[in-house]
Amino acid sequence: MELITAIAVSVGTFTLGSVVFGFVMYKIGGKHRQKFAEAHIESAEKEALRIINEAGEKARSEKKTALVEAKDEIFKLKEDAEKDISRLKNETDRELKERRSEVSRSERRLQQKEENLDKKNDKIEKLEEALLAKNKKADDNLSDVEMLKREQFDKLQIISGFTNEQARAHLLEILDTQLDHEKALRITAFEQRIKDECDEKARAYISLAISRLASETVSELTVSVVPLPNDEMKGRIIGREGRNIRTLEQLTGVDLIIDDTPEAITLSSHDKVRREIARISLERLIQDGRIHPTRIEEMVEKAKRDVEAKIKQEGERAVMDTNVNGLNHELVRLLGRLYYRTSYSQNVLAHSLEVAHLAGILASELGIDAAMARRAGLLHDIGKALTHEIEGSHVNIGMEVLRKYKENPEIIHAVEAHHGDVETRTVLAAVVQAADAISAARPGARSENYENYIKRLQKLEEICSSYQGVEKSFAIQAGREIRIVIKPEAVNDDGMIVLARKIAENIEKDMEYPGQIRIHLIRESRAIDFAK
């Protein structure tokens, strides 16, 4: 136990001594390191001071060198500037001398011109004096002439027996006759020149367009006939107490005519869309065999969807046939509706396609945009798709529709002018107008009822008979020619030409007609006597 205690004391003593020794050594080492660091810092400061001194010496040397080089450069630039100034001064002196000489020459020329002008002014003054003298002499002579004229006029009045008013009226009558003759000659010459220049080209263009578009007749009626498998089917279509036929008429808006015609029912309506819906519905009801109000409603709704699809299909077909691109889909649908519209029994969509092709051909021959012409021709009657829904003429409706869908202003003007409501301002409008007239005037293309036909002929004869000097008028060739018998004592040969022009202008203003009307004036004098 004592041994352990002694060992522990020894160990503790040794450890304490080690710690004390380590602390002393640390203190000694710290002082040594401090002295070493101070010596190193002093050395570094001396080295830095040396480097700074060397850098200052080097900078001062480089500064002196740069100043010397700058002075040399400034001296050289100064010498060059003095040389340039001297050269410019010489050139300026030379130019000034040339300009001074040029100015002196100009002054001499101006002085010569002034002298010449002075001479001319002197001559003009002399001429004016001479003219004044001549005018004075002429005035004196004129007064003498007026006096002689009055004396002669008095003598003529005494000799002729005419007063001033009578002589004036006689002279005016002679002048009117001469003017009628002059107007007739001018109108004849002008018309002949226009014919010589235009007839040949117009005939060639129109004949080419018509020959390239040999379209079939498109005249249609306003009724449809649905065949029946037997007469018993009529009773089933009528239904108990007529409920089936009433339902069908109410849903379609079409009149069903069931008469003595065997195995057939007639559908009557001016609206071809309704008539087509009724026809499709009735044919499907006949095929199905189940005919009652509920089934009729189903068939009518289905037929309406089919007709709407047909409208869209026809519009797309028309656009593809005419190669018209970028057309609004609503305009395409309206074009399809034209398939179920007629004008004078002519299918309007077929007429629009025909006008589009004719306008394209005419435009190609005239050297204008054929695509634009086809587009205008296709859209020229677009207003007829809405004429029963919106008030106004189909021309105004068509213009509003095209403006709504941002069509080209030239297309809108062509639609506006295709019936001559306004004056054509572009070649495109004239082409569409001509194509529309060609399509409408084609034999068999259109038909009109008897009453309208008679009224048109009567109005044509009334217009012609309203003119003084017309004895009789006859409308022939279905109103395409009017023959007018003239009183020979009332209208002379020259007056006939003027009268024909006036009648033509009146007919163009007051009537609407397809194609053109030939005005034929006839004047003859007869002398009849009898030998007894």
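Buried means under 20% relative accessible area, exposed means over 50%, and partly exposed lies in between. The legends below describe a predicted model.

**View 1. The aromatic pair of tyrosine 339 and tyrosine 340.** One aromatic pair is found in a search of the whole structure. The pair consists of tyrosine 339 and tyrosine 340 in an edge-to-face arrangement, with 4.9 Å centre to centre and 85° between the planes. Tyrosine 339 has a relative accessible area of 26% and is therefore partly exposed. Tyrosine 340, at 4% relative accessibility, counts as buried, because the cut-off for buried is under 20%.

**View 2. Surroundings of histidine 380.** Histidine 380 is located in the loop between α9 and α10. Its relative accessible area is 0%, so histidine 380 is buried. The side chain of histidine 380 makes a polar contact of 3.2 Å with the side chain of aspartate 436. When neighbours within four places in sequence are left aside, the residues in contact with histidine 380 are His351, Ser352, Val355, Val415, His418, Val432 and Asp436.

**View 3. Helix α10 and the helices packed against its buried residues.** Helix α10 spans residues 394-404. Its buried residues are His394, Val395, Ile397, Gly398, Met399, Val401 and Leu402. These buried residues pack against three helices: α7 (329-337), α9 (370-379) and α11 (409-417).

**View 4. The open sheet β6-β7-β8.** Three strands, in the order β6-β7-β8, make up an open sheet with mixed pairing. Strands β6 (470-476) and β8 (518-523) are at the edges and have a single partner strand each, so one side of each lacks a neighbour in the sheet. From one strand to the next, the twist averages 20°.

**View 5. Pairing of β7 with β8, and the helix on the sheet.** Strand β7 (residues 481-486) pairs with β8 in the parallel sense, over six bridges. Isoleucine 482 has isoleucine 519 in β8 as its bridge partner. Helix α14 (residues 493-510) packs on the sheet and touches β6, β7 and β8. The direction of α14 makes about 150° with that of β8.

Technical notes
Residues numbered from 1 in each chain as written. Predicted model: local features only at pLDDT ≥ 70, side-chain atom pairs only at ≥ 80, totals over all residues. Heavy atoms only, no water. Pairing = 2+ DSSP bridges. Helix = DSSP H or I, 4+ residues; strand = E, 2+ residues; numbered from the N terminus. Axes fitted to C-alpha atoms, helices over the stretch in contact; angles between N-to-C directions. Contact = heavy atoms within 4.5 Å. Phe/Tyr/Trp six-rings, centres within 6.5 Å; stacked < 30°, edge-to-face > 60°. Buried < 20%, exposed > 50% of the residue type's maximum accessible area, 1.4 Å probe, protein only. Polar contact = N/O pair within 3.5 Å; in protein donor to acceptor, adjacent residues only side chain to side chain.
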